[in-house]
Amino acid sequence: MTATAPAQAPAPGDKAPADERLLKTSLLRRLLGRPELGSVVGAVAVFLFFAIVADSFLRASSFGTVLYAASVIGIMAVPVALLMIGGEFDLSAGVLVTSSALVSSMFSYQLTANIWVGVLVSLLVTLAIGVFNGVMLTRTKLPSFIITLGTFLMLTGLNLGLTKMISGTVSTKSIADMEGFESAKALFASQVTIGGVNLKITVLWWLALVAVATWILLRTRAGNWIFAVGGETEAARAVGVPVNKTRIGLYMGVGLGAWISGQHLLFSFDVVQSGEGVGNELIYIIAAVIGGCLITGGYGSAIGSAVGAFIFGMTSKGIVYAEWDPDWFKFFLGAMLLLATLLNAWVRKRAEATR
Amino acid sequence: MRTHRKAAALLAVCALALAAGCSSGGGKASEEKNGEGGGAGGKAVTTDRLKIAMVTHSGEGDTFWDIVQSGAKQAASKDNVEFLYAANKEGKEQAQLIDSYVAKKVDGIVVTLAKPEAVKAAVQKAVAAGIPVVTINSGGEHSEAVGALSHIGQEESVAGEAVGEELNTRGKKKALCVIHEQGNVSLEARCAGVKKTFRGTVENLNVEGTNMPASTSSIEAKLQTGKDIDTVVTLGAPFAAATVKAKAGAGSDAEVNTFDLNAEVVRQLKAKEIGFAVDQQPYLQGYLAVDGLWLHRTNGNVLGGGKPVLTGPALVTGKDVPALEKYTARGTR
């Protein structure tokens, strides 16, 4: 797979016939060329599999649970996928979610301020950490793996150290009785019932993020920059793409995602354990990769990351619905994900061959 | 110049937000109004300054070990002891930490035996070097073999059995045991203990302990499948809250019961969202370990007479809440 920008869809009503690059391709062809195609097939396969082996999997209420599990991963998988298309990693994404929740909770509590003040301060902090990652990366030119590994460890320590120093214990104090809690909870951790399905609001956040990210990637100049930076950095710089700004922006995107996830974490429980979140960064990356993002950058999609998160959610909950031996949970999870990804790769290869 | 202006604007926004947004309920202000003394700070004795180290298998940010430490620190400040603490989940790393304290020639070491094989050699080296060792928490059956003075903790299987019996008296038929760290020996022992005495059936469920939303949805999925589950036993306090949430999501009316206490669990006991909690009094484990070593150093005492000293299980229900609330709020119960 060479690094390429996505084939620009020909503008409707295009009259210039001579250039073959502007030839209209059929809808099927265009679908086959999308990065997320393989993962969609994988998702359908996983869905059918659990529909057959687990009788309670097909219930409407179960669907709500699976969607919730997928959305919690998906909200972070979207910005992480964008970052990977831009050719970089963020290992601090998992604990950054916890940091976001901790900042919000402790700021409001310690100053006895309205909850919304803490929520906004938390947004500023997560974006600032994103800028820190981005600036460190662009200034030092070290691999993002090392830079964000450092941030990951520092944040893990800060989460614990600051929480203990400020709250006296390793979890935050309850903020459920403070002003603004109910309205913030409604925005970040409420649920709606549609046709017997309990839909958590995180699902809506997730879909909105996917839509916005897809629009940015396919319809804006910033989207082209992201593909260019991840594909061939020096070439991109040579044609005038603001490489550094794009990267910093991508890290800020991860900060934004972490902020949303973090606020959800806080407002669904009203207290936060400071040690949480370690290891989740890999799950976000896994979701993006299952969804068709290349680890080397330059290729992938936001919709793909959503499908990847959905596969992960279906598999991890499907095993519970199927009532398999819990001791083997991790084995089944790994095997299912591997199979889904193999299917994904196979389909993509086929699709490219027919092009 | 531009950055200056930006920073100033940022500060102004923060100040404005602060001025506009004060909460009239809860928060630090209400805590201060209630006026709560912490568990630390006591009067020192006149014995020589000792140095006692504690090495545990705690993960990062675990509430439970935080309470153990508060107990140990309280005893340390009372006994004129300098208290040192280190922890690592890996048995091998834990052994190295013990070695380093032996090299430092501390006056006593407190150790957990979650992975007895891994730390055995290090503990024996400490004993050989003339440093008294007290073991705490789980692994009481290995304590004597590694040469420790005494063991202070809870027998995990005994605690599990107590839960099983309590579930019998509550007339439960099918229990779900939620393990938040797969492969942890003491957690498995708790579930096995429940299984031993409980007359109904017990099913285990492994969840991702470091990921609350994922834990919640896994428990929710399990409750949707097993509609006949009428009680859920969680093995750590934060997971009780996750189960209460999952229960609502799954439309289940199973009773939630949990091991260990924290402020949130006490609130839920009060609100009747949780049936009972099993307290193993972690504060006591930290306190007695340091105090025991101090007594051994200064008065030649040995605690327990060769048998483990049990700090639990103590069953706590909504009735006990009024007495407990203020202790959990300051993190000593």
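Chain A of this predicted model has 14 helices and two strands, helices (H or I, at least four residues) and strands (E, at least two) being DSSP runs numbered from the N terminus. Residues are numbered from 1 along each chain as its sequence is written, while chains are lettered from A and ligands numbered from 1 in the order in which they are written. As this is a predicted model, local features need pLDDT of at least 70 and side-chain atom pairs count only at pLDDT 80 or more, whereas totals for chains, interfaces and linings use all residues.

On overall dimensions, the C-alpha trace of chain A spans about 70 × 55 × 40 Å along its principal axes. Of the 355 residues of chain A, 55% count as buried. Here a residue is buried if 20 or more other C-beta atoms lie within 10 Å of its own, exposed if 12 or fewer, and partly exposed in between, with C-beta atoms placed from the backbone. Of the contacts in chain A between residues at least 6 apart in sequence, 79% join residues at least 24 apart, a contact meaning that the C-beta atoms of two residues, placed from the backbone, lie within 7 Å.

Chain B comes out with 13 helices and 12 strands. Its 333 residues are 56% buried, and 73% of the contacts in chain B between residues at least 6 apart in sequence join residues at least 24 apart.

Now for where the chains meet: 51 residues of chain A are in contact with 41 residues of chain B. Several helices of chain A each supply at least two residues of the side that touches chain B, among them H4 (93-110), H5 (115-140) and H14 (329-354). The largest share, six residues, comes from H3(A). By class, this side of chain A has 22 nonpolar, 22 polar and seven charged residues; Ala, Val, Leu, Ile, Met, Phe, Trp, Tyr, Cys and Pro count as nonpolar, Asp, Glu, Lys and Arg as charged, and the others, Gly among them, as polar.

One residue of chain A with contacts in chain B is A:Gly275, found in the loop between H11 and helix H12 (280-290) of chain A. A:Gly275 is buried, with 23 other C-beta atoms within 10 Å. Leaving out residues up to four places away in sequence, A:Gly275 touches A:Leu160, A:Val170, B:Gly59, B:Glu60, B:Gly61, B:Asp62 and B:Thr210. A separation of 30 Å lies between the C-alpha atoms of A:Gly275 and A:Lys141, which are 134 residues apart along the chain.

Over in chain B, an open sheet of six strands runs in the order E2-E1-E3-E4-E5-E11, with parallel pairing; two strands pair if DSSP finds at least two bridges between them. Strands E2 (81-87) and E11 (309-310) of chain B stand at the edges with a single partner strand each, so one side of each is left without a neighbour in the sheet. E11(B) runs parallel to strand E5 (residues 150-153) of chain B, joined by two bridges, and B:Val309 in E11(B) stands opposite B:Ile152. Helix H3 (residues 63-78) of chain B lies across strand E1 (50-56) and E2 of chain B, at about 165 degrees to E2(B). Helix H4 (residues 91-103) of chain B also packs on the sheet, touching E1, E2 and strand E3 (108-112) of chain B, and its direction makes about 170 degrees with that of E1(B). Axes are lines fitted to C-alpha atoms, for helices over the stretch in contact, and angles run from 0 to 180 degrees between N-to-C directions.

Elsewhere in chain B, strand E9 (residues 255-259) is mostly covered, with five of its five residues buried. B:Glu255, B:Asn257 and B:Phe259 lie on one side of E9(B), and B:Val256 and B:Thr258 on the other. Strand E8 (residues 231-234) of chain B pairs with E9(B) in the parallel sense over four bridges. The chain gets from E8(B) to E9(B) through helix H10 (residues 237-250) of chain B in a right-handed β-α-β crossover, meaning that, with the strands pointing away from the viewer, the path from the first strand over the helix to the second runs clockwise. E9(B) also pairs in the parallel sense with strand E10 (residues 274-279) of chain B, over three bridges. Helix H11 (residues 263-270) of chain B carries the crossover from E9(B) to E10(B), again right-handed. Seven of the eight residues of H11(B) are buried, so this helix is largely enclosed by the rest of the structure.
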